[in-house]
Amino acid sequence: MRELRGIGASPGGAAGPVYRLAPPPALPPLAGTVDPDTEKATVRAAVLAVATELTRRADTTRDATAADVLRAQVMMAQDETLVDAADIAIDGGADAPHAITDVLAEHRAAFEAAGGYLAERVSDLDDLRDRLIAACLGMPMPGVPNPGHPYLLIARDLAPADTAGLEPDLVLGLVTADGGPTSHTAILARTLGIPAVVRCAGILDLADGELASLDGASGVVVAGVSAQTVTTVNADRLAEIERRTRSQGPGRTADGHPIALLANIGSARDLTGEVEGVGLFRTELLYLDRNDPPSHEEQVAAYRDVFAALPGRRIVVRTLDAGADKPLPFLRLAEEPNPALGIRGLRIARQTPSVLSTQLAAIAAAAAAADAHVWVMAPMVATAAEAAAFTESCREHGLPTAGVMIEVPAAALRASQVLCHADFLSIGTNDLSQYTFAADRMCGDLADLLDPWQPALIALLASCAAAGVEAGKPVGVCGESAADPDFALVLAGLGITSLSMAPRSIPAVRESLAAHTLDECRQIAEAALAAPSPEAARAAASGASRRLPLGGGTGSPS
């Protein structure tokens, strides 16, 4: 046996034979002479075939997040500028496969240079290129293998079209050599409830069929395990899934302290199963890949669908989180040298205030026609003055509960002042980590800095939670760290009042909280806060948890 180490991206254990993603088609040598009309027709036929297949997958997948990403890929494929640029390359002597490769290479370089959201889409472009080339050559599309029995899928990375069709009963776990804990692969794995490890060096050295096990929490992969180990690990996993499926009710600690467990969603399609409410309703899916903003009526209809699905429950709507690294054509924003530090989120209102005012009016109209408790929050708030201005705008539109996201360290450090104006805080740990450690979320080589167990991040979380306790106002976490059952204990102990995550992650977090009293969570949080490194914080919290009487005791150990 040999141990490989990556970054845990989706909790849970799994074991079985490994099989790798089918390789992309090899680009053939450039044809000596080409018929431009034939090659242009080949490009158009390939675009139609790939768009049709991706649309089929989007329509049939059960995961709404994957469906949205797939439809964005379809829009990329059907973009007239891509076909026009391919025509120009063909007129210059290229055949269809090389024209597509050259054009998408230029798009790829532009996406990487932009960073942020667009950099996250580079793998989507690579997948699109491979599918278009396969269609041009009349070859099968690259994709996920089907050996006829359960297995662990290993790959350099996964594209949305690959993850969209994954069946958890067949693909027991995922391990990738690239990527990071906030990549779309990691997010979709958590959404599907599939244990996953990313950034695992050496994983592609394993041969197809070799037995291995993975721990999606610690990031440890063990190659060369026995058949008995595979049986034991998977039996434990099934028992855990069954136990957590039976777990129902609101989130609370063993002594009854409530911790609201909410869902992160992008549309009404993401609402699967019973949830306490929504802690993060991402509204930017309405805006992406459009030349014109969605109308007031279109927005009202989309928001009403979500509000009507959860009468009497809290729904926290995040206003448009786009701009700069998530460019929207209709905003006509100027090119920026560092998009991650530019006009994004609430800052869009500095240049185009009508976008925010139209959205707030639409949210208010939809809320007035529903029984849900609608809260609204702004992303990328940096100062108390910005919080005050946003809150005032919400009040003017008839939205009584207005809060802000804490993603910028300046806002975290001044959380008490921010809460003088905002009704609540919601901490986005993904971006807060990125800005705290000056580490791009998509830079795999810096993924260790984005570990939520970093003591500096925990200290900022503690500061925000303390400000909430002092002000008597709720402070939640809606970043990916909220889905970690162990880290949830730390957050509860710090004084966080709600945790928002992919719906499939809720049962595991509910079970973890129910096994510890609030005082025990506080001891676990203190142990993590005192640690000098993320590894030490994780170990200290785990050690503190093991020393405590689990299962619902109400007293603290002496």
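These are my notebook entries on a predicted model of one protein chain.

**Ground rules**

I number residues from 1 along each chain as its sequence is written. As the model is predicted, local features need pLDDT of at least 70 and side-chain atom pairs count only at pLDDT 80 or more, while totals for chains, interfaces and linings use all residues, and side-chain values use heavy atoms, with hydrogens and water left out.

**Entry 1: the whole chain**

I began with the elements and found 21 helices and 16 strands in the protein chain. Both are DSSP runs numbered from the N terminus, with helices (H or I) having at least four residues and strands (E) at least two.

Next came overall size. The C-alpha trace spans about 80 × 65 × 40 Å along its principal axes. The radius of gyration is 24 Å, which agrees with the value near 24 Å for a compact globule of 558 residues. That radius is taken over C-alpha atoms, and the globule rule is 2.2 Å times the number of residues to the power 0.38.

How much of the chain is buried? Buried residues make up 55% of the 558 residues. My cut-offs are under 20% relative accessible area for buried, over 50% for exposed, and partly exposed in between (1.4 Å probe, protein chains only).

I then looked at contacts, meaning heavy atoms within 4.5 Å. Among those between residues at least 6 apart in sequence, 69% join residues at least 24 apart.

For charge, I noted 43 positive and 68 negative side chains, with the centres of the two sets 5 Å apart. Lys and Arg count as positive and Asp and Glu as negative, without His and the chain ends; each charge is placed at NZ of Lys, CZ of Arg, CG of Asp or CD of Glu.

I looked up Glu386 in helix 13 (residues 384-396). Is Glu386 buried or exposed? Glu386 counts as buried because its relative accessibility is 15%. Its side chain makes a polar contact with the side chain of Arg350, at 3.0 Å. Such a contact is a pair of N or O atoms within 3.5 Å; within protein, one must be able to donate a hydrogen and the other to accept it, and residues adjacent in sequence count only if both atoms are side-chain atoms.

Leaving out residues up to four places away in sequence, Glu386 touches Leu346, Arg350, Met380 and Val381. I followed up Met380, which lies in the loop between strand 12 (373-378) and helix 13. Met380 counts as buried, at 2% relative accessibility, and its phi is positive, near 60°. Most residues other than glycine have a negative phi.

**Entry 2: two further positive phi values**

Arg199 is not a glycine, yet its phi is about 55°. I found Arg199 in the loop between strand 6 (196-198) and strand 7 (211-215), partly exposed at 24% relative accessible area. Ala438, which follows helix 16, has a positive phi near 50°.

**Entry 3: helix 16**

How many residues of helix 16 (residues 429-436) are buried? Seven of its eight residues are, among them Asn430, Leu432 and Tyr435. The buried residues pack against strand 13 (402-406), helix 14 (409-413), strand 14 (425-427), helix 17 (455-471) and strand 15 (475-477).

**Entry 4: Glu535**

Last, I checked Glu535 in helix 21 (residues 534-547), which counts as exposed at 53% relative accessibility.
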